[in-house]
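Colleague: I have a model open and want to learn how to read it. Can we go feature by feature?

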Amino acid sequence: MAKYGFLIDASRCIDCRACLVACSAENNVPMTHTRIWIKETGVTGEFPDLKRYTAPYHCMHCVDPSCVSACTVGALQMNKDGIITYDKDRCIGCRYCMYACPFEVPHFEWDKQLALINKCDLCVNRLEEGQAEPACAATCPTDAIQFGKRDDMLALAHERIKNEPNRYINHVFGEHENGGTSTFYISPVPFEELGFPTTKLTESPAEFNRMTTEKGTPIIAGSVLTGMTGIYLALEHLEKKNPVHHIEELEHSESTHEKE
Amino acid sequence: MTTTVSRREFLKLGGAFTAALAVGQMLPPMVAEAARQSGYLNAAGDGFVPSMCEMCVWRCGLIAKVKNGRVVKLDGNPEHPHSKGNLCPRGQSGLMNTYDPDRVLTPLIRVGKRGEGLFRKATWDEALDLVSKKMLDIKQKYGPEAMVFSSTHNISQPLFENLLYAFGSPNYGTQRSLCFNAMIVSNIMTYGMEEPERSYDKVKYIILTGRNLMEAISTSETHDLSFAIDRGVKVVYLDPRFTKTAAKATEWLPIKPGTDLAFHLALLHVIISENLYNQDFVNQYTVGFDKLASEVQKYPPEWASTITGIPADTITRIAREFAAAGKYALAHNGWRTSNFVNSFATERAIAALNAIVGNWGTTMFPSSGEESGALGAPPQPPFPRVSALRLDGVPWKYPFVPLKLGIFQELRDAIVKGDPYTPHGWFISRQNPILSLPDRNKTLEAFGKMDFIVTVDIFLNDTAWFSDVVLPEASYLERYDPLLPVGDKAFLRQPVIEPQGDAKSALWIYKNLGERLGLGDYFQYKDEEDYLKQQLAPLGVSLDEVKAKGYVQLPGEGNEGSAEYKWNTASTKIELYSDSLEKAGFAGCANWEEPPQPAPGQFYLLTGKVAQQTQFATQNNQLLHKYSDEPRLWMNAKVAAQQGLKDGDWVEVTSEVGKVHIRLLATEAIRPDCVYLVPGYGHLSKGLTTAFGVGASDSVLHVSYTDPVSGSQALTQTFVSVSKIADAPQEKTRKPLYLGE
């Protein structure tokens, strides 16, 4: 059972992206990758009745992780503290985990033959060195990201909703999704509006995992892999005909946070 | 032997130090011996070193994580009141500032035309000999006043000031008139101090006038505001844009630019006419209340409503709510408020609003300042007497502007006009006036008039690009600076890693240049550590102890929770009316000044910070670039549609002084009569390989307007027209086309 957990409060997030930068620095994440994204509603409503909510988004650290089930080589594993770790030396770049994860966390580089993923491991090395919190939670200037024992975080999530029922919708995202996770979100707006993946989620990971690992994964992931690589190569071919355009695409790809 | 190198070759040379630093790879040099000696590292070289951030001027305490003798991460120092254990995105990216592949790591001497970017490497001896010779030549031919010195607020500023005052020049440029002159001068006239401190501990009601604290982050204050919101404090936020602060505020009022003054005058009107103010406090601690009362009599909410666009009953309600919160209310003085020439009057109205509800000692406190009598300093002789007038007109044209603030845009204009005299040299440290001053064409013209320009910086910012000599400073993770008092402690910035290449600290650069100029008596310290030891001498604390802790406790200082009810004004009270302002021909109380408005078809050009960048200095930081939005021109979505413009279109933005090309962001989050451009982009220096070609500079468009009382540049008083570019070849490279030349 997961020992650690996050509570992320969308009502507190100011979209400053300190967590994204901190994560990149702590984990030496390549400039073309990110382990955290900002999910957002965008600016909604009509001037001047406007709203905007954001929340940092990363690996949920499921209690019964689909990615670990899907990984045929043991590159993704759950450690003794419930952290889903990734070993790039074992990874063969099959992309099964990408299909298996209902939270759309693993991202691959499509232009590499041996593509690797880069995902949140709760700054496991940092914790082992005795620092109290992962880099994102440690630096958050508004405590939108809080870190602690999983059960405490879940209890705190419910307590906040109970204390301020008008401030939050009555839903702790991550409590039941995919059979439960170690990252809990509370929000003033439904999670679909924040852009969270909600359609693929069931409360039974076992069913989802069986589907992905036994039936779907090899076929679907295989075709997705072939298809996406094909699309990538086609795009690359097109871009090569127009190299200036290619430069722009590269520059854009550096920004992982696309607006509106 | 000297060789001319092209920019490409130069960059190769510069890259030699960082060849191993492919993008995204950080392989810092070994940790500084100083940090090792501090005893914070074990034998294996693992541990944590406390120091201070310099990614903005808030100066959070940081803790650098060192592993195998290398710095791998920065975290906020929980013991520092400005960080409270947190760092903002800029603070988190600090490593990338130090390891920027574009760092200048050796002195450079220009060999091509100015602005061509052709330099050759030089030794420190050669570069400093050249700089001192040029400076002494100018002094001999034209007098010391012919050298202009400018630098942006930093901890080694006292030594920079030693250099300029010992040299004998009155011409001192800071960035403050582009930032907060109106706020500072207003506070001095009202409270007798530059900026009272705010406390959010007990606050119950906050009015933020354009103070976008969720994006213009001051870590601890952003944290405090966020927690105040969390416990249900009401926040009223005035801004023509729906910023990230607006998204968190209880009430967002998209006020018409330049009219914040009318809003605050009407608040004063309601609170005074309905007798809702704190009469005891007003009687005991303020002067000029009657004059203020009779002035604001003219400004009922109905009047303000037609000017601001905010309904009269909303203004009345907010005035009553603010007064009901009484001493628990806080009207934030902002830094620039609405950026119009009436900003000084706006600041005076805000100061009066705080005073009449009696929030002194509850949400507002005396500032502790950044100086402490408890610290020592090296001995030095008095400065030579300066008889020349200051080029920026302070104080002979602008009597209320403090000398250390000055008026930077007026200084630049005087250089262009050669009036009252012509300067010939410019010494610039850690500052980028080419990008920060309004009207970039004019700034380039001023640069063109100079015989000699020298810039101290860590990389080739736009100003260094146009300089004759570039002196490479060590980054904030590589150097010592003087101790900085904050509250009851003085904090230390210390080198966590050795300086890369030949980079040197400001303390070293000013001393070695000073000695060559014959001004060695003003720099009586052997090295950086000796300077710090002289600072610590009266306290009897060893430098090693301070290096290990990161700070030293100051005796009998700190004013947390205490408030002295005496102010450093002429009357020793809070001056709602100022006799000296009145005598100088200005309004004694805050009064209405009509701001200019855009012509039909034009827009107000708004500026304002984003959380991921600091002014004009950080756009080249790859970690920040990675997580920054593409800089675009915001326009109200409905207005854009009416003009036939789509989100993402390339547009030409034209003001009376310049034009830029940029992509459009069509959004609901801005008033229909405004457009907004994020500042700090549109760099001219090709030495900034990450930032060059990204976005457009709002300084190209800004028209220079100086507030006659405070000297503030009215940054929002620029009106622009926007038109679609039919054929947009720029799109290929995402580069804005600079049309100002």
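Colleague: Take strand β9 (residues 205-209) of chain B. How many of its residues are buried?

Modeller: Some ground rules come before that. This is a predicted model: local features need pLDDT of at least 70, side-chain atom pairs count only at pLDDT 80 or more, and totals for chains, interfaces and linings use all residues. Residues are numbered from 1 along each chain as its sequence is written, while chains are lettered from A and ligands numbered from 1 in the order in which they are written.

Modeller: Now the burial. A residue is buried if 20 or more other C-beta atoms lie within 10 Å of its own, exposed if 12 or fewer, and partly exposed in between, with C-beta atoms placed from the backbone. Strands (E, at least two residues) and helices (H or I, at least four) are DSSP runs, numbered from the N terminus. In β9(B), five of five residues are buried.

Colleague: Which residues point which way from β9(B)?

Modeller: Tyr205(B), Ile207(B) and Thr209(B) point one way. Ile206(B) and Leu208(B) point the other way. All are buried.

Colleague: Which strands run parallel to β9(B)?

Modeller: Two strands pair if DSSP finds at least two bridges between them. Five bridges join β9(B) to β10 (residues 234-238) of chain B, in parallel. Here Tyr205(B) stands opposite Lys234(B). The chain passes from β9(B) through α8(B) to β10(B) in a right-handed β-α-β crossover. Right-handed means that, with the strands pointing away from the viewer, the path from the first strand over the helix to the second runs clockwise. Another parallel partner of β9(B) is β13 (residues 329-332) of chain B, joined by four bridges. There, Ile207(B) has Ala331(B) as its bridge partner.

Colleague: What is the strand order in the open sheet of chain A?

Modeller: Three strands, in the order β8-β1-β9, with mixed pairing. β8 (145-149) and β9 (183-186) of chain A are at the edges, each with a single partner strand, so one side of each has no neighbour in the sheet. Neighbouring strands are turned by 20 degrees against each other on average, direction ignored. Axes are lines fitted to C-alpha atoms, for helices over the stretch in contact, and angles run from 0 to 180 degrees between N-to-C directions. β1 (residues 4-9) of chain A pairs with β9(A) in the parallel sense over four bridges. Phe6(A) stands opposite Thr183(A) there.

Colleague: Which helix lies across these strands?

Modeller: Helix α6 (residues 150-163) of chain A, running at about 25 degrees to β1(A).

Colleague: How is chain B divided?

Modeller: Domain bounds come from an automatic or database domain assignment. That gives domain 1 (196-366) and domain 2 (603-732) of chain B. Their centres, taken over C-alpha atoms, are 29 Å apart. The contact takes 18 residues from domain 1 and 20 residues from domain 2. Contact means C-beta atoms, placed from the backbone, within 7 Å.

Colleague: How many residues of chain B touch chain A?

Modeller: 42 residues of chain B are in contact with 38 residues of chain A. Elements of chain B supplying at least two residues each include β3 (70-76), α8 (219-230) and α24 (622-626). The chain B side divides into 16 nonpolar, 15 polar and eleven charged residues. Ala, Val, Leu, Ile, Met, Phe, Trp, Tyr, Cys and Pro count as nonpolar, Asp, Glu, Lys and Arg as charged, and the others, Gly among them, as polar.

How values were computed: Two residues are in contact if their C-beta atoms, placed from the backbone, lie within 7 Å.
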